[in-house]
Amino acid sequence: MNLLKNHKWIAGLTLALLISLGVCIYSLAKVSGSGASADTGFGMQWRGGEGASFRSGERGAFPGSRNGSQAAGQQSATDGSSGASAASGSGNGRRSDTAGEAQSAAEGSAPGSGQGAAAGSGFARPAGMNGGGRFSGGGFGSDGQYGTALAVYAAMFAGLLAAAFYYAKAGKLRINESRRRLVVGLLLAAGLCLKLAAAPWISGYRGDIHFFTTWAQAAAKSLGTFYDTSSSDYPPLYMYILYATGKIVTLPQIAPYFLTLIKLPSIIADAVTAGLLYKAASRYLRFETAFLIAGFYMFNPAVLINATFWGQVDSFFTMIVIASVLAMTRQKLGWAAFFLTLSILMKPQGIIYTPVLLFALLRTGKPWPWLKAAAIAAVTTIIAALPFSSGKSPLWLYQLYSGTVNEYPYASVNAFNLFGLLGANYEDSSSTFLLFSYHVWGLIFIVAATLLSGWCYLRSRSAAFASLSALLLISGVFTFSSSMHERYLFPAAALALLAYAYFKDKRLLWMAFGYSATIFLNTYAVYFGYTSRDGHVGFLLFFSALLNIALCIMLVKVMLDRSRQHNDVPNLEAALLPERL
């Protein structure tokens, strides 16, 4: 009894882990015994379990090459294709950034004002499923299940989180455990098991799951011809993950878990990111607060809906971004360049964070760090791209990026931001608004955010300011730029928590809560088909867009305040030393 009393947190979390592990094992065993079957050829049919069924070519048209859409059912095992038209050159046959971003056969044209898809794109991204109404089954959206349960979970999470931070602030939450890393590890492991238990029973965003499935098969067949035979417009890095997935799933015993394997890297990345945030926070904050930060991120509904529900890879991308920013705050610029390069090789959105590294290099005042960072970035890019470069022009990777960046010439692509608030969802970005086009306004705001971020960073004389600069860049670009998708803001919640760990400014903690709310609402609305393609501004869009704008303004105020307070910045050199006993 004394042992339980003295180690009640370890005992409680161990029990929670055992229960979640049991639920996970039961869930995966039920999937295996549910009659699931898979044909791992390119005409694959896969069924994962109740609520998680997916068939290649199921209801609706899957996009083919960038020059046209391929109707559903045209995929077949006999033709040996991956279900997408082969490209005639490097970078052709790409998919849009969000896979449900495909043009339906019934529509035949891009959403919005009736304009065609982007020149050369061949397909466009539907805003709301079935004309903006709730989607139920089939096609490119979700199956409509668990929407109410997820909303209830989000409300309960918000209440419990508020209570936990209140008690922590009042000093009523105390974790008297000497083995603190074990406590955090048990918490994250329990969350990981619960997400894995839910993953196979939630079908995900069907368009994305379809593309990740066919990409995994194409990558496993041959990396050298991957971009010629698949519909991918993603850079090379994540294709290595899908390559491993495609190889593993050829085992008959593993085939029923295809959907779980697709979601697995991002679910693991959730736990890793939470661990990184805890490690940073534990150096400057009380253990109880650092513990809550890790739990906040791990069980955050905005994080849960992205990987476990949708099946997207923003969690994996965010993990790399956080690793890069952490390296910048510790003035390890070589590692920062390495992780930043990986983020760009994962998603083009990684380019948004490039100015932060440039500011950090500028602070050194020496040429050697610039040369080192450039060499690391070049070598990393060459190594990652080389297996895919067989028979391609030297500029094939540049062409891939330029095609992806220009895929959606719209003012907003379901993003709850300024242009969405103005009713410009799927409005052509070349349309004029107050003297300039939406695209030009977006560029103006990007330049302004970059200059302000750099000025505050250099003015602060603190390496920790990299976290604030990265937060301003992603939130400013998402809120005020064009061609933004609903998930581009995803790293903001983690970056706000990281910045709070360094600066202990309560406004940053409120920003973490606020960004989590808007990320969740935006993703929830698109996933369950509550968005509109006709420029209608509903309550969710109105509320979230205004909140995002307010959070950006608050962030600018925080950065201006903190850049003047040189004495309040954390001693990062001390952070590199072992903790005192």
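Colleague: What makes D270 and K195 a salt bridge?

Modeller: In this predicted model, the closest N and O atoms of D270 and K195 are 3.0 Å apart. The cut-off is 4 Å between a side-chain nitrogen of Lys or Arg and a carboxyl oxygen of Asp or Glu, so the pair D270 and K195 counts as a salt bridge.

Colleague: Which parts of the chain does the pair link?

Modeller: Distant ones: D270 sits in helix α9 (residues 258-281) and K195 in helix α5 (residues 180-198), 75 residues apart.

Colleague: How many salt bridges does the rule give?

Modeller: The count comes to ten.

Colleague: Which residues make the contact?

Modeller: V325, M328 and T329 come from α12, while A466, S467 and A470 come from α19. By class, this contact has four nonpolar, two polar and no charged residues.

Colleague: How many cavities of 30 Å³ or more does the structure hold?

Modeller: Two. The largest cavity has a volume of about 60 Å³.

Colleague: What lines the largest cavity?

Modeller: The lining consists of D314, F317, K347, Q349, I352, Y353, I474, R487, Y488, F490 and P491. These divide into seven nonpolar, one polar and three charged residues. Asp, Lys and Arg count as charged, so D314, K347 and R487 belong to that class.

Conventions: Residues numbered from 1 in each chain as written. Predicted model: local features only at pLDDT ≥ 70, side-chain atom pairs only at ≥ 80, totals over all residues. Heavy atoms only, no water. Contact = heavy atoms within 4.5 Å. Helix = DSSP H or I, 4+ residues; strand = E, 2+ residues; numbered from the N terminus. 1 Å grid on protein atoms, 1.4 Å probe; cavity = no way out; pocket = protein on both sides within 12 Å on 5 of 7 lines; lining within 4 Å. Points joined across faces, edges and corners; volume = space filled by probe spheres on them.
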